[in-house]
Amino acid sequence: MDIVLFARIAAGWLASRLSLSDGERGATAVEYALMVALIAVVIIAAVTLLGTQISAMFSKIANKLV
């Protein structure tokens, strides 16, 4: 699933960009990582729940155009 790979790459990139040199920045990095993880979970859930329906809708439209 491409969205899962994207979410993992985004979380890894964010973690690598944030410096963990002092306590406050470390806490901020953890907060950002949690937000990215939550956003990734929401995106994955939405794609999982709606992916089949959206795919069927586009297929139906494509068949009508042909």
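Me: Let's start with V41: is it buried or exposed?

Reply: The general idea is to look at relative accessible area, where anything over 50% counts as exposed. In this predicted model, V41 has a relative accessible area of 52%, so it is exposed.

Me: Where does V41 lie, and what separates its C-alpha atom from that of V4?

Reply: You'll find V41 in helix α2. V4 is 37 residues away along the chain, and the two C-alpha atoms are separated by 8.8 Å.

Me: Is F58 buried or exposed?

Reply: Same cut-off, over 50%. F58 comes out at 52% relative accessible area, so it is exposed.

Me: Which residues make the nonpolar surface patch?

Reply: F58 is one of them, along with L49, L50, I54, M57, I61 and L65, and the patch is about 730 Å².

Me: How about the whole chain: what share of the residues is buried?

Reply: Buried means under 20% relative accessible area, and 9% of the 66 residues fall there. The accessible surface comes to about 5500 Å², with 70% of that belonging to carbon and sulfur atoms.

How values were computed. Residues are numbered from 1 along each chain as its sequence is written. This is a predicted model: local features need pLDDT of at least 70, side-chain atom pairs count only at pLDDT 80 or more; totals for chains, interfaces and linings use all residues. Side-chain values use heavy atoms; hydrogens and water are left out. Patches are made of residues with over 30% relative accessible area and no salt bridge: like charges are joined within 9 Å, nonpolar side chains (Val, Leu, Ile, Met, Phe, Trp, Tyr) within 5 Å. Accessible areas come from the Shrake-Rupley method with a 1.4 Å probe; for residues, only the protein chains shown count as cover. A salt bridge is a side-chain nitrogen of Lys or Arg within 4 Å of a carboxyl oxygen of Asp or Glu. Buried means under 20% relative accessible area, exposed over 50%, partly exposed in between (1.4 Å probe, protein chains only). Helices (H or I, at least four residues) and strands (E, at least two) are DSSP runs, numbered from the N terminus.
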